[in-house]
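Morning, everyone. Please bring the model up on your screens. I'll walk through a few spots, one at a time.

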Amino acid sequence: MVTAVAPSYLLTRVPTSTWSAKLARRVALTDALVLVWVVFGVQLAWLGLDQSALGFSGSRNDIEISYMMVSLVIIAGWMVALQLFDTREHRNLGVGTQEYRGVADASIRWFGVVAIVAFLLKVDLARGYILIAFPLGLSVLVFSRWLWRQWLGVQRRQGRFVSRVLLVGSTDSAVTIARELKRHPEAGYRVIGACVPTGASTGGLAAINVPSFRGVSSALAVMRDLGADTVVITSADELGPEQVKQLSWGLTPGAEHLVVAPSLIDIGGPRIHTRPVAGLPLIHVETPKFEGRKLLAKRAFDVLGSAILVAVLSPVLLVIAALVKASSRGPVLYKQERIGRNGQPFKMLKFRSMVPNADRELPQLLAEQGTDGQPLFKVKNDPRITPVGRVLRRYSLDELPQLLNVLNGSMSLIGPRPQVAAEVALYSGGAHRRLLLPPGMTGLWQVSGRSNLSWEDAIRLDLYYVENWSMIGDVVILWRTARAVFGTDGAY
């Protein structure tokens, strides 16, 4: 029986099928505009406007081929490939890597089809035209999808273009899923209620402003009353296989959706594989590996990247060193012991941004702001910072000497936050797993709030990185770091 009344504002909704189709049409339009601009632009830039460029004897049988027609065929086929790879599905738009991966797969495979057809038909297409159009088209497509993602994230934070979710399961599991979905509104799932077992406590749901309804068997009726379009089963103990099947049969095809959330938190998508076995949808979770060619590739990326950055930034490093030396007495570099991979201590390098002997004043300053004895210690409006040091910290320029730590192997370009021994001593549970990889100059902690993060969030992000790291993920974090550095949050 439903024992709570849904607020009136929850009863108005836009069906998923309506907004998803509208969004897909908009994305398809921009895809078409991008491809027309790129393909015809490359054609004109490479071949020009003269008649001989637009039509020529393109095969050994002297078949006359118009490049205008070739461009139209390439654009049409590219659009079809993007559709076949589900790059415009609302489940993929706006979050995760599947959208970008689908765009890349569709583009590469269509490029292969064009190459094979040209070879079989003995069509001598201009190689420069093809070799420029495809990578340029892929790059601009990805950029346009990124722009769409920024716009969609803003819309979803305002409650538009979202799936309206009813959670079904135990109170604890519903609270966990609700918190994670609220933490990432850009994912497009807006929790509007939860069905929990009769007699279960609902205090946790009330604390996060999620209306609760008793009786999981009434989930379908509650869903219709609330105007939800997605049911998320958060735990399987309350609903047996037959009940889940009956619930799925009661949903309107194409308009209402069923999602089953396994008891897996902070597991990266590439590690999860669903394989049907004897009619059972078994979820296989790959265990993370911290050895072999993946670590070798990461080390090679670190050495190459840090060497290039040191070479390119050497004039900047010399200027900063001179400014630090001239600003106050003391050494140019500041060395602090941090804990590295497998718990090994190392000396982390930074440009000195404080007055000499600043460490002696730290306990008193932490006590004054009430954060003594807490991990992730930071002093806001720190009086020990020099004027030059304040600018260096504002843009993270004081951390550039850590490129030398990366070169000698004690740090990585991307990794967990380098912590001091006192913080490592506070680890509990599986927190020590963050020491399986070398600490990084940047990481998820850097692009997700920096010093504004709580201790628990910092550990959670580091563990997520360690458990799910990949080279593609490292490149994404590097790109996001630039935005974090030029932002103001957490930089003090």
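Where does Ile272 lie? Ile272 is in strand E8, which covers residues 272–277. Keep in mind that this is a predicted model. Is Ile272 buried or exposed, or something in between? Its relative accessibility is 30%, so Ile272 counts as partly exposed. Now look across to Val285. Ile272 and Val285 are 13 residues apart along the chain. Their C-alpha atoms, though, are separated by 4.8 Å.

Let's step back to the whole chain. There are 492 residues in the protein chain, and 43% of them count as buried. The secondary structure comes to 17 helices and 13 strands. What about contacts across the sequence? Take the contacts between residues at least 6 apart in sequence. Of those, 73% join residues at least 24 apart. The accessible surface comes to about 25800 Å². Carbon and sulfur atoms account for 63% of that surface.

Next, the aromatic rings. How many aromatic pairs does a search of the whole structure find? The search finds six. I'll show two of them. Start with Trp78 and Phe134. Their ring centres are 4.8 Å apart and their planes are at 25°. Planes under 30 degrees apart count as stacked, so Trp78 and Phe134 are a stacked pair. Which helices do they come from? Trp78 is in helix H3, residues 67–84. Phe134 is in helix H5, residues 127–157. The pair therefore ties together parts that are 56 residues apart in sequence. Trp78 and Phe134 are both buried.

Phe134 has another partner, Phe111. This pair is edge-to-face. The centres are 4.8 Å apart, with 75° between the planes. Phe111 sits in helix H4, residues 98–120, and Phe134 in helix H5, so this pair links parts 23 residues apart in sequence. How do Phe111 and Phe134 compare in accessibility? Phe111 has 28% relative accessibility, so it counts as partly exposed. Phe134 has 6%, so it counts as buried.

Now helix H10, residues 293–327. Where does H10 bend? The bend is at Leu313, by about 60°. A proline, Pro315, follows within four residues. Several residues of H10 are buried, including Leu295, Asp302, Gly305, Leu317 and Val324. Lys298 is one of the buried residues of H10 too. What does the charged end of Lys298 sit over? It sits over the ring of Trp469, 5.2 Å from the ring centre. Here is another case of a charge over a ring. Arg394 lies over the face of Tyr395, at 4.6 Å from the ring centre.

Last stop: Thr481. Thr481 is in helix H17, residues 471–485. Why does Thr481 count as buried? Its relative accessibility is 12%, and buried means under 20%. What does the side chain of Thr481 reach? It reaches the backbone oxygen of Ile477, at 2.7 Å. Now leave aside the neighbours within four places in sequence. Thr481 is then in contact with Thr442, Gln446 and Val447.

That's my tour. Then follow helix H10 through its bend at Leu313. Thanks, everyone.

Conventions. Residues are numbered from 1 along each chain as its sequence is written. This is a predicted model: local features need pLDDT of at least 70, side-chain atom pairs count only at pLDDT 80 or more; totals for chains, interfaces and linings use all residues. Side-chain values use heavy atoms; hydrogens and water are left out. The bend at a residue is the angle between axes fitted to the seven residues ending there and the seven starting there. Helices (H or I, at least four residues) and strands (E, at least two) are DSSP runs, numbered from the N terminus. Buried means under 20% relative accessible area, exposed over 50%, partly exposed in between (1.4 Å probe, protein chains only). Contact means heavy atoms within 4.5 Å. Accessible areas come from the Shrake-Rupley method with a 1.4 Å probe; for residues, only the protein chains shown count as cover. Rings of Phe, Tyr and Trp (its six-membered ring) pair if their centres lie within 6.5 Å; planes under 30 degrees apart count as stacked, over 60 as edge-to-face and the rest as tilted. A charge sits over a ring if NZ of Lys or CZ of Arg is within 6 Å of the ring centre and within 35 degrees of the ring normal. A polar contact is a pair of N or O atoms within 3.5 Å; within protein, one must be able to donate a hydrogen and the other to accept it, and residues adjacent in sequence count only if both atoms are side-chain atoms.
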